[in-house]
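This report looks at the salt bridges in a predicted model. How many are there, and which side chains take part?

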Amino acid sequence: MFPAPFRLFFAVVPLLVAVGALAMAAFPRRMTRWNLRSADGSTQTLEPSDTRILLMRVMGVVVAGLALFMLYGVFTIIP
């Protein structure tokens with residue numbers, strides 16, 4: 001049996017990964033938008049293509065599912 005701080009660490013890390021992955025799946029345009037500034041001071045916004053946005057959503061859900069499965073596994077394997 002692991003001490004409480006280790007169990008807390010093994011619980012918090014998958015939760016943070018799941019939250020980050022779900023945020024990437026929910027707001028991919030906001031999290032990947034870049035502002036470019038030219039030499040004359042004007043700004044331009046660069047956004048990824050729709051295919052990349054779709055793949056980011058899918059991978060965000062997959063990574064969040066794996067993280068939650070890891071959280072379940074930690075408490076199943078390490079009581």
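The count of salt bridges in this predicted model comes to three. The pairs are set out below.

| Pair | N to O distance | Separation in sequence |
|---|---|---|
| Glu47 and Arg29 | 3.7 Å | 18 residues |
| Asp50 and Arg29 | 2.7 Å | 21 residues |
| Glu47 and Arg33 | 3.1 Å | 14 residues |

The side chain of Glu47 forms a salt bridge with that of Arg29. Glu47 sits in the loop between strand 2 (43-46) and helix 3 (50-77), while Arg29 belongs to helix 2 (residues 28-32), so this pair ties together parts that are 18 residues apart in sequence. Glu47 is partly exposed, at 40% relative accessibility. Arg29 is also partly exposed, with a relative accessible area of 31%.

Because Asp50 lies in helix 3 and Arg29 in helix 2, the pair ties together parts that are 21 residues apart in sequence. Asp50 is exposed, and its relative accessible area is 56%.

Glu47 likewise meets Arg33 in a salt bridge. Arg33 lies in the loop between helix 2 and strand 1 (34-37) and Glu47 in the loop between strand 2 and helix 3, so the pair ties together parts that are 14 residues apart in sequence. Arg33 has a relative accessible area of 40%, which makes this residue partly exposed.

How do these pairs relate to one another? Through shared partners, the salt bridges join Arg29, Arg33, Glu47 and Asp50 into one network.

Terms used
Residues numbered from 1 in each chain as written. Predicted model: local features only at pLDDT ≥ 70, side-chain atom pairs only at ≥ 80, totals over all residues. Heavy atoms only, no water. Salt bridge = Lys/Arg side-chain N within 4 Å of Asp/Glu carboxyl O. Helix = DSSP H or I, 4+ residues; strand = E, 2+ residues; numbered from the N terminus. Buried < 20%, exposed > 50% of the residue type's maximum accessible area, 1.4 Å probe, protein only.
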